[in-house]
Amino acid sequence: MTGPIVHIFPCLKDNYGLLLHDPATGETATIDTPEASRILAEAEAKGWTITQIWNTHWHPDHAGGNAEIVAATGAKVVGPREVERAAALPDRVLTDGDEVELGSLTAKVIETPGHTLGHIVFHLPEHKLAFVGDTLFALGCGRLFEGTPAQMWDSLSKLRRLPDETVVYCAHEYTTSNAAFALSVDAENADLVAYADGVKAKRAKDIPTVPTTIGAEKRANPFLRADDPKLQAFVGHPGDVVATFADVRERKNKF
Ligand code: ZN
Ligand code: FE
């Protein structure tokens, strides 16, 4: 039996549209709804019907297309309660540890407050797949609009504990600027240097840098490395994980 198929395509300025398809049953979920018309067109081109919307958080570039997609397909919406700030309350409100089924596929919900307070991640352990919204980016992490650095570090630590092979779909293509920033704080990290070279090559050919993997991010992403003594020393907070994380995030805001 074929496993899940993920279709990725650009939306808006720098978002990714993501369709998760279960060949066994024909069910299809759109992960967030950055651009309804584009998402509906991509599903149609694949011959897929969207049966579910999986929202990661309430921001309009993630939930703003819910109404249009529901109107067109009758899809059921699952997501955190905060989605009601930008759209209707989800048909099913999700919290940490919940399981979501899409045909034969099962995702576990992981709460990852920080970017927003209600942000969630969808993890499919059986298929080593995760949809992380704006919590984790390739070589970056989401801005702390609502949460504290300690909260976000805790959220990222949950993702860091997933198996290294886990394939991670982020919601934006920010990797070129993330790589430049990462090199500014962790220049001697050989894994990061190699990763950044790969990013350059991909973007030159307009290839997405998403998906990435937990293993690759653990080795190269400074926001997952706040407990690394070298990075801690570089930003001036030896032995202090949260202060290091907060400082790195602050530097990125100003970069
Ligand atoms: Zn967001
Ligand atoms: Fe976003």
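**View 1. The zinc ion (ligand 1) and the iron ion (ligand 2) sit 3.2 Å apart, with D134 coordinating both.** H57 is in the loop between β4 and α2, and D134 is in the loop between β10 and β11, so the pair ties together parts that are 77 residues apart in sequence. Helices (H or I, at least four residues) and strands (E, at least two) are DSSP runs, numbered from the N terminus. This is a predicted model, in which local features need pLDDT of at least 70 and side-chain atom pairs count only at pLDDT 80 or more, while totals for chains, interfaces and linings use all residues. Residues are numbered from 1 along each chain as its sequence is written, chains are lettered from A and ligands numbered from 1 in the order in which they are written, and side-chain values use heavy atoms, with hydrogens and water left out.

View 2. Donors here are N, O and S atoms within 2.8 Å of the metal (3.2 Å for Na, K and Ca); water is not among the atoms, so sites may look incomplete. H57 and D134 are both buried (under 20% relative accessible area; exposed is over 50% and partly exposed is in between, with a 1.4 Å probe and protein chains only).

**View 3. The iron ion (ligand 2) is held by D61 (OD), H62 (NE2), D134 (OD) and H172 (NE2).** These protein donors lie 2.0 to 2.4 Å from the iron ion (ligand 2). Their spacing along the chain reads D-H-x71-D-x37-H. This site is irregular too, with angles of 88 to 165° among its four donor atoms. Distant parts of the chain are linked here: D61 is in helix α2 (residues 60-63) and D134 is in the loop between β10 (129-133) and β11 (136-137), 73 residues apart. D61 is buried, as is D134.

**View 4. Strand β10 runs parallel to strand β13 (residues 167-170), joined by four bridges.** Strands count as paired if DSSP finds at least two bridges between them. L129 has V167 in β13 as its bridge partner. V167 also stands opposite T213 in β14. That pairing, between β13 and strand β14 (residues 212-213), is antiparallel and has two bridges.

**View 5. Six strands make an open sheet in the order β1-β2-β3-β4-β5-β6, with mixed pairing.** The edge strands, β1 (5-11) and β6 (92-93), each pair on one side only. Further in, strand β4 (residues 52-54) runs parallel to strand β5 (residues 76-79), with three bridges joining them. I53 has V77 as its bridge partner in β5. Helix α3 (residues 66-73) lies across β3 (28-31), β4 and β5, at about 165° to β4. Axes are lines fitted to C-alpha atoms, for helices over the stretch in contact, and angles run from 0 to 180 degrees between N-to-C directions.

**View 6. Helix α1 (residues 36-46) has A36, I39, E42 and A43 as its buried residues.** Seen down the axis of α1, they fall within an arc of 135° (taken from the directions from the helix axis to the C-beta atoms), so they line one face of the helix. E44 and A45 are exposed on the other side of α1. The cover over the buried residues includes β1, β2 (15-21), β3 and α3, where contact means heavy atoms within 4.5 Å. G47 follows α1 and has a positive phi, near 75°.

**View 7. L12 and L139 each have a positive phi without being a glycine.** L12, with phi about 45°, is in the loop between β1 and β2. L139, with phi about 60°, lies in the loop between β11 and β12 (140-141). L12 is partly exposed, at 47% relative accessible area, whereas L139 is buried, at 0%.

Methods. Four donors count as tetrahedral if all angles lie between 85 and 135 degrees; four count as square planar and six as octahedral if opposite donors are over 155 degrees apart and all others between 65 and 115; anything else is irregular.
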